[in-house]
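Biologist: I'm new to this one. Can you show it to me and walk me through some residues?

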Amino acid sequence: MSVEQHPAPALRASDRDRDEMLVRLHTAFAEGRLDEPELDERIDLVLAARTHDELGAVAADLPVGGAVPVRPGGGPVGRFQVAYKSSVTRAGRWRLPERFTTIVYKGSGTIDLRAAELDGPVTVLRVLAYKSSVEIIVPSGIRVEADGVGVSAEVYGDPPAGAPVVHVRGYAYKGGIRAKGLIRRP
């Protein structure tokens, strides 16, 4: 007597499983492993995935990462900060490296540069806002260049020749990234 064997059904993916995969993809984007078109394509696949196998296929070529290290008190370590269904703020006196990445997933973020010490003449801020808003506060005397999807800049005044440059490269999906400068009154 033979028993017919059927393959086990694929394990269904939950909304939390999809959310975790989206964070993994956004982290890969922030690290430069994916470009914007690849990220967009993979986001669509994650949102359509019904099983764990389908989710796994979306990121099969990406490393599995752990948690982002955080200093006591909540500050990011190095060049990277993440908010997952929460808020993140970087303000006060701090050193801004030449490349800094912020990822906000279903939350909000603030990058306040008024007291920041820039490491170089050109700083690149890579910002990813998924169903989130990120505000970048820029002091007078800094030139802002912004590009990407869902990125706006509202910085007033003419910085002097040779002023430091903050280049905001962003991608906002169902959210926004806004660089704003304070108007200095005479």
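**Tyrosines and a loop**

Biologist: Is Tyr-105 buried or exposed?
Modeller: Tyr-105 counts as buried, at 2% relative accessibility. Buried means under 20% relative accessible area, exposed over 50%, and partly exposed in between (1.4 Å probe, protein chains only). This is a predicted model, so local features need pLDDT of at least 70 and side-chain atom pairs 80 or more, while totals for chains, interfaces and linings use all residues. Numbering runs from 1 along each chain as its sequence is written, and side-chain values use heavy atoms, without hydrogens or water.

Biologist: How many aromatic pairs are there?
Modeller: Four, if rings of Phe, Tyr and Trp (its six-membered ring) pair when their centres lie within 6.5 Å, with planes under 30 degrees apart called stacked, over 60 edge-to-face and the rest tilted. One of them is Tyr-84 with Tyr-105, stacked at 5.3 Å centre to centre and 5 degrees between the planes.

Biologist: Where do those two sit?
Modeller: Tyr-84 is in strand E1 (residues 80-84) and Tyr-105 in strand E4 (residues 99-105), 21 residues apart. Helices (H or I, at least four residues) and strands (E, at least two) are DSSP runs, numbered from the N terminus. Tyr-84 is partly exposed, at 34%.

Biologist: And another pair?
Modeller: Tyr-130 and Tyr-173 are stacked too, 5.1 Å between centres and 15 degrees between planes. Tyr-130 lies in strand E7 and Tyr-173 in strand E11, so the pair ties together parts 43 residues apart in sequence. Tyr-130 is buried at 2%, while Tyr-173 is partly exposed at 25%. Tyr-84, Tyr-105, Tyr-130 and Tyr-173 form one aromatic cluster.

Biologist: New topic: where is Asp-35?
Modeller: In the loop between helix H1 (15-30) and helix H2 (36-48). Asp-35 is partly exposed, at 38%.
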